[in-house]
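Me: I would like to go through some of the geometric terms applied to this model and ask what each one rests on.

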2 protein chains.
Amino acid sequence: MRRPDHQTQTDVTAGAVLAPYLRSQAADFLRSLRLHRENSAPTDAGPQAAEQAAGALRRSSRRISGTLHTFRTALDPLWAEQLRTELAWLSGTLAREHAYAERLNRLLDALHGLSGTPLPSARAESAGGSAAKERAGLGVGAARAGALLERQLTLARTRAHSAALQALGSSRFHAVADAVALLASEVPLAPSAAAPAAELLGEPADRAEQRLLGAVAALSSDETAEPYNEAQDAPWHQTRLLLRLHRYAHEVVRGAPDPVLAGPGHALDLHRDASEAAAAAASAARTPRIAPATAYALGVLHADQRHEVGAARAVFRETWPYAAAVTAR
Amino acid sequence: MRRPDHQTQTDVTAGAVLAPYLRSQAADFLRSLRLHRENSAPTDAGPQAAEQAAGALRRSSRRISGTLHTFRTALDPLWAEQLRTELAWLSGTLAREHAYAERLNRLLDALHGLSGTPLPSARAESAGGSAAKERAGLGVGAARAGALLERQLTLARTRAHSAALQALGSSRFHAVADAVALLASEVPLAPSAAAPAAELLGEPADRAEQRLLGAVAALSSDETAEPYNEAQDAPWHQTRLLLRLHRYAHEVVRGAPDPVLAGPGHALDLHRDASEAAAAAASAARTPRIAPATAYALGVLHADQRHEVGAARAVFRETWPYAAAVTAR
């Protein structure tokens, strides 16, 4: 990307840039872990504070893991690869509970929007005109669809919560926590980390950026997109992960995230959320013995979320700051 | 609208402008009626030619009826009002069959697009991956939904066809045909039709335009639109009719339709088609004892057509040539 080259780092070693970043993220990780433990007791204030702490834990896990991946040549490679895998497991496990909760909120909000101003059933029954009847019809199905989704996603969330608690009590997790505690005091650098940062970190950071640009250039254009072809979502999800890796590499090398990518990054998050919400609606519609009105509302909901997928892609294209890479295809 | 004033008609009477237009439309009406009769025998070439003739019949009916309405002050008022009512009945009756056929085509096309590349059932069953399963799932429901819509809309179309044939054989229709035959030779002008065209026709034409501009200015903005609120479609349908009246008035006064309104007019036609197709999908979903998969596909279809409603509104706004009137609200 058209930025002045890594001038500020010509006189510092790769280790001197990388180690403080990793130490600071490790310290964040340990702080969040402590907060999570303190708030996991079943008190009133507990759940929300525990959720926030789990979010912060995922945040630093992702950053450490991304940094270990992108800059592995400056680190002890075996150690880096192993810790990266374990952190990916941890943040994936913690993310699930949060994802189910968010998905349910998103779907219930969408159902609310689809069924319009809530019609009390008495008014719905007495209201004349086919438009009023249609909306009341969707209203009944929407209420049932909402109840079905609430049951299914709450169950999934509860299971994910148990799995997360189990993971946080496991010996596997204690090993991760120990490794991060070690990282907070001493980063296992490779001997090559004595080389200038511009050289040893600049090249992998550029590679992370090139992979992102390549992925964006390969994204399907609006013209070829089939809105209901879920298989076409995968390259967008992959782009989201590559954008995140690029963002973290940028944080390491420049000390701050790339501000021009905040918009496109947010669009890709929305894309992922809408894609998974659509899949949850489709999955709920495959529940045996549901009423046709419920299935109908779930179909409307599915289409609505697939529409949101398309809208998120449009926002991504509008906010993506490197026009040439997008219009090249 | 910013056009030079009716300069060409300062020296001609209103009758000299109005009468040739009505005579020519009446001649078109009679020609289409003859073609329709010749092709209504059950032959191979018949149905298509009869359909085209019915389309032409509707086209001239709408123009005569619109002209009688807009320029009623230049005509025998009682006669104009009565013939207008009868032509509206006729074109409405003839339009129904065509509308059901078009609606079915639109819905089957949309279902085809929603279920993606047609999956033969064997391939659908053996295909792995949740995306493949989801599409196959929609495929089965989509096929059933298509069959249901085909049954319902074909039945409706057949009924509309019988109703149209019955109407064309009725004494009510013969009275209309007689009135139009009379119109083809002599237009019952009001004494005031001897006044200059610029005066007597310009004012009603301007009023038709003002009603259109007023209706457009009152259309809901994107921000306040609720995509599933069918009641919000009505002002758009009304605008479509006002645009048509303005178009015909323009044809009378200037001798040709207003070219800048072709795009917005087409968008309003699409809006109406998508709105009615969505309602047909919703109505089919209320069929008792349908399978949930069918209801689900109909829900997806409903949402898809409501999305098309929104897209048509966006195209209307983009192509509407009088920006101020739209952004005023």
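Me: What makes helix α9 of chain B oblique to helix α10 of chain B?

Reply: In this predicted model, α9(B), residues 234-254, and α10(B), residues 262-285, pack at an angle of about 140°, with their axes 9 Å apart. Angles over 145 degrees count as roughly antiparallel and those of 65 to 115 as roughly perpendicular, with the rest being oblique. The angle of about 140° therefore makes α9(B) oblique to α10(B).

Me: What is the handedness of the crossing, and which residues make the contact?

Reply: The crossing of α9(B) past α10(B) is left-handed. On the α9(B) side the contact is made by B:Trp236, B:His237, B:Thr239, B:Arg240 and B:Leu243. The α10(B) side contributes B:Pro264, B:Gly265, B:Leu268, B:Asp269, B:His271, B:Arg272 and B:Ser275. This set divides into 4 nonpolar, 5 polar and 3 charged residues.

Me: How do you know that the model holds a cavity, and how many are counted?

Reply: A cavity is a set of points where a 1.4 Å probe fits but cannot get out. With a threshold of 30 Å³ or more, the count comes to 1 cavity. The largest cavity holds about 40 Å³ of space.

Terms used:
Residues are numbered from 1 along each chain as its sequence is written. Chains are lettered from A and ligands numbered from 1 in the order in which they are written. This is a predicted model: local features need pLDDT of at least 70, side-chain atom pairs count only at pLDDT 80 or more; totals for chains, interfaces and linings use all residues. Side-chain values use heavy atoms; hydrogens and water are left out. On a 1 Å grid over the protein atoms alone, a cavity is a set of points where a 1.4 Å probe fits but cannot get out, and a pocket is an open set with protein on both sides within 12 Å along at least five of seven lines; lining residues have an atom within 4 Å of a point. Grid points are joined across faces, edges and corners, and a volume is the space filled by probe spheres set on the points. Axes are lines fitted to C-alpha atoms, for helices over the stretch in contact, and angles run from 0 to 180 degrees between N-to-C directions. Helices (H or I, at least four residues) and strands (E, at least two) are DSSP runs, numbered from the N terminus. Angles under 35 degrees count as roughly parallel, over 145 as roughly antiparallel, 65 to 115 as roughly perpendicular and the rest as oblique. A crossing is left-handed if the near helix is turned anticlockwise from the far one by less than a right angle, and right-handed if clockwise. Contact means heavy atoms within 4.5 Å. Ala, Val, Leu, Ile, Met, Phe, Trp, Tyr, Cys and Pro count as nonpolar, Asp, Glu, Lys and Arg as charged, and the others, Gly among them, as polar.
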